[in-house]
Amino acid sequence: MSVEKVETSFHLNFEAIELLQKALQTSFFDAYLEQVENLLDDYQIQVLEGTPDEPTVQRLQEIYQVLKEQKLEAEEIRKLAQLLLLKGTQKEPVQANHQLTPDSIGFLFVYLIEQFYSNKKEPLTIFDPSVGTGNLLQTLLTNLALSGYDVTGIGIDNDEVLIAIAAATSQWIQTDAKFYHQDALQQSFDTQVDVVVGDLPVGYYPIDSIAGSFEMVAKTGHTYAHHLLLEQGMKKTKEDGIGLFLLPSNFLESDQSDRFKEWLGKTAYLQGIIQLPDELFKHKASRKSIVILQNKGPKAQQAKEILVAQLTTLKDPQKINQFFQQVAKWKKENI
């Protein structure tokens, strides 16, 4: 990846987004969508009733002329889009559940998928039921493709702006993915997927009548949304399929953990828990772990020993490499 090209493209795209935001008097994220649409339309600027004005159009044309010559690869565009959206969240703060999933976690997911699906000749479909702006899913799609996989994606989110960003970014990167604006618990698609992933929103799901159709429904009160999304995701995953989820680190001790454990005993195997570094979280209560689940099926079995690992940092390549070796050794000996 050319860091220099990405940096140059970032500054030019950010300037263009700010110009569009000011001209259209809109939010940063709506201006981002307008910018991506212009790029996809062969760098054409949409002018309606004199907006943007002539000086803005002239500057945008100058920017686009330089951008045309950048020739970024898919992973470079993904990184660029992530940087722009991160900058956007600094200008316009978003809910904690809408924050982008860091690349470092996405790369861990890539590695884990490679461990469970070593046959690159078999196509893979990956589903994210709370896709947000799509950075986690796009990280998987671009990097697995770079590793030689034939991979497609499906993303669902109930936020209209976030799913529009995810779809537009996917078109920009040219990944093979479909996106649906809907509540993942109320509607879905017919495809059975190989892998489900999720940086799941933590909190309560407000519609008890919908929650009542799930096995993890709470005995009293509202049910955890992350429990319901996890169950829905695993329902859409094939026999023997894998689920990789970011969950609160206390997920086995929470007040609704008994419902999770009951569901788990009937449906899937808990294959691993990877505690993420404290450095990723501002508060102890917000700490999360990667939870590895596998649907029951003819080729699946409970690991002889569940992978229990703690990553102390994601800043030290040596420690990350040691973790990779630990996972590979565990996989060979236990599954």
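Biologist: Which element gives the most to the lining of the second largest pocket?

Modeller: A pocket is an open set of points on a 1 Å grid over the protein atoms alone, with protein on both sides within 12 Å along at least five of seven lines; lining residues have an atom within 4 Å of a point. Here strand E7 contributes the most, five residues. Strands (E, at least two residues) and helices (H or I, at least four) are DSSP runs numbered from the N terminus. This is a predicted model, in which local features need pLDDT of at least 70 and side-chain atom pairs pLDDT 80 or more, while totals for chains, interfaces and linings use all residues. Residues are numbered from 1 along each chain as its sequence is written, and side-chain values use heavy atoms, without hydrogens and water.

Biologist: What volume has the second largest pocket, and which residues are closest to its centre?

Modeller: The volume, the space filled by probe spheres set on the joined grid points, is about 460 Å³. Of 20 lining residues, Phe 116, Tyr 117, Asp 240, Gln 294 and Lys 299 are closest to the centre. Helix H5 (103-116) and strand E7 (237-248) each give two or more residues to this lining.

Biologist: How many cavities of 30 Å³ or more does the structure hold?

Modeller: A cavity is a set of grid points where a 1.4 Å probe fits but cannot get out. The structure holds one of 30 Å³ or more, and the largest cavity contains about 50 Å³ of space. Its lining includes Arg 78, Gln 82, Asn 135, Gln 138 and Thr 169. H4 supplies the largest share, four residues, and H4, H6 and H7 each supply at least two.

Biologist: At what angle do H4 and H6 pack?

Modeller: Angles run from 0 to 180 degrees between N-to-C directions, with axes fitted to C-alpha atoms over the stretch in contact. H4 (residues 74-91) and H6 (residues 135-146) pack at about 165°, with their axes 9 Å apart. They are therefore roughly antiparallel, a term for angles over 145 degrees. In their contact (heavy atoms within 4.5 Å), Arg 78 and Gln 82 are among the H4 residues, and Asn 135 and Gln 138 among those of H6.

Biologist: At what angle do H2 and H7 pack?

Modeller: H2 (residues 28-40) and H7 (residues 160-173) pack at about 25°, with their axes 10 Å apart. That makes H2 roughly parallel to H7, the term for angles under 35 degrees. Among the residues that meet are Phe 29 and Tyr 32 in H2, and Ile 165 and Trp 172 in H7.

Note on methods: Angles under 35 degrees count as roughly parallel, over 145 as roughly antiparallel, 65 to 115 as roughly perpendicular and the rest as oblique.
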